[in-house]
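Student: I have a model open on my screen and would like to go through it with you. Could we take it step by step?

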Amino acid sequence: MVVRGVVVVVVALFTGCGLPGIEKFAQRDAGIDAPDAPPDAPPDAPPDANLDASLPADGRPDAPRPRDAAPFADAAVDAPDAAPDAPPDAPPGPCGLPALELTVATLAGCTDPGTSDGPRELARFWNPVNALTSPTGITFVADFDSSRLRAIDPLGTTTTLFQQSNFIRPFGMALAPAGKLYVQTDGNDFGSLSAATGTIWRLDVATGAASVIARNLGRPRGLLALPDGRLVLSDFVHHVVGLLDSMTGSYSILAGAPDTPGDVTGTGADVRLHAPYDIVMLPDLGNIVVADRDHHRLRQIRLSDGQTTDFAGSGVSGHLDGPVADAMFEAPQGLAVGPDGAIYVSDVSSHRVRRIRDGYVITIAGDGVGDWLDAADPLAARFYSMEGIDISADGATLVIADGNQGDAAAAHHVRIVHLDDPSIPTNPTRTRTSQRPQANTFPQLGRVGLTAAIRVLIAR
């Protein structure tokens, strides 16, 4: 939340500029080359850990595959989104950010990449891709290309929360009770990086202690913590949504079939998804909503059995506000749900922020041009990639990780939208039609005249 001049709760996500459509996603997400400069592996890592995607599910030649492990251990190594080496840490100068009070503002970060901590105009990020707000007012940011977890305070001051050599390319994040933070990384803790090596970490924010609870789960970038201790994972590379027991590490698929993209509603393995990304819980606590990015729709999935239905979007790529069944999205990816049940969507390829409330979709920020521009008028602001978003507990502030989606553009910002500002668009007013036309049609008629008029209507 941001109260003019003071940020109370903020979260960051990355953005991207000038997206030429789904082709751009394909170029970044489906490469086959190993990283140019593999990150350092821990001492016990196998010599070829970074390149061998055919290892058993535990990442080691002698480790048995967990009983419920996802069938992704033999996937081909894919190209990294960007080189893992961080740029030099020479102290940068201030980058001159516009005022934080603007309706759409930059919380921290500049056009140039880096890893420097410090005040709002001095801090640097390197392709921030996701943001998560905490009840304490701290925003956690997955700084993808620097392989660091960052934290931003209410005034934009940034610190590095966690970094180690085998913590490779963080993306998904979820906050659980008792201060436990779950983070997904594309690489596993043995130094491997492929389409199979997605790993879930548990981080104690207070102490900085981190441990791996499951590895080699595919590429589950969407992450949601359930009240019962399980985690929901959405794997955009393998087109499935699954459940992970955070205590045992066992994994099972809830909806979709591995490596079988499609557009089919139904239940469990009969469902077909295409690049499912972010996840939010509906207020009933029994259903989730998933951004089915490459189908340009949002799907609703029942947690008890994986029953999947369409939630919003016609399935046609484009930009159109209106009733949920008619509205058009263009690569919806990041999701956040407010305290009133409204769902916010980062419509990545249209460079806009959308809101779903009372069965209606509207655009609340962004002019449709991929760029970086803060503005008092939210519909004049510009976003680049906006891959991840979150909302403050009171629903007053939306935080957006506005990175570059791995295309090396000068976009390394964490943005905020003041949702409590009067300039934020609202749903159109719906005129209620009277159910008693005689009261309007015959306003001056007495009982006899009214009866006669009704008889005329019946005779017709």
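**A loop residue and its sheet**

Tutor: Happy to! Gln405 is buried, at a relative accessible area of 2%, where buried means under 20%, exposed over 50% and partly exposed in between, with a 1.4 Å probe and protein chains only. This is a predicted model, in which local features need pLDDT of at least 70, side-chain atom pairs count only at pLDDT 80 or more, and totals for chains, interfaces and linings use all residues. Residues are numbered from 1 along each chain as its sequence is written, and side-chain values use heavy atoms, leaving out hydrogens and water.

Student: Where does Gln405 lie?

Tutor: Strands here are DSSP runs (E, at least two residues) numbered from the N terminus. Gln405 has a positive phi, near 60 degrees, although it is a residue other than glycine. Its place is the loop between strand 27 (397–402) and strand 28.

Student: What is the strand order of the open sheet of four strands?

Tutor: Two strands pair if DSSP finds at least two bridges between them. Strand 3 and strand 28 (residues 412–418) pair in the antiparallel sense over six bridges. The edge strands are strand 3 (104–110) and strand 26 (388–391). With antiparallel pairing, the order is 3-28-27-26.

Student: What is the mean pLDDT of the protein chain?

Tutor: pLDDT is the predictor's confidence in each residue, from 0 to 100. Over residues 1–84 the pLDDT is below 50. Where pLDDT is low, the predicted coordinates should not be read in detail. For the protein chain, 73% of residues reach 70 or more, and the mean pLDDT is 81.

Definitions and conventions. Contact = heavy atoms within 4.5 Å.
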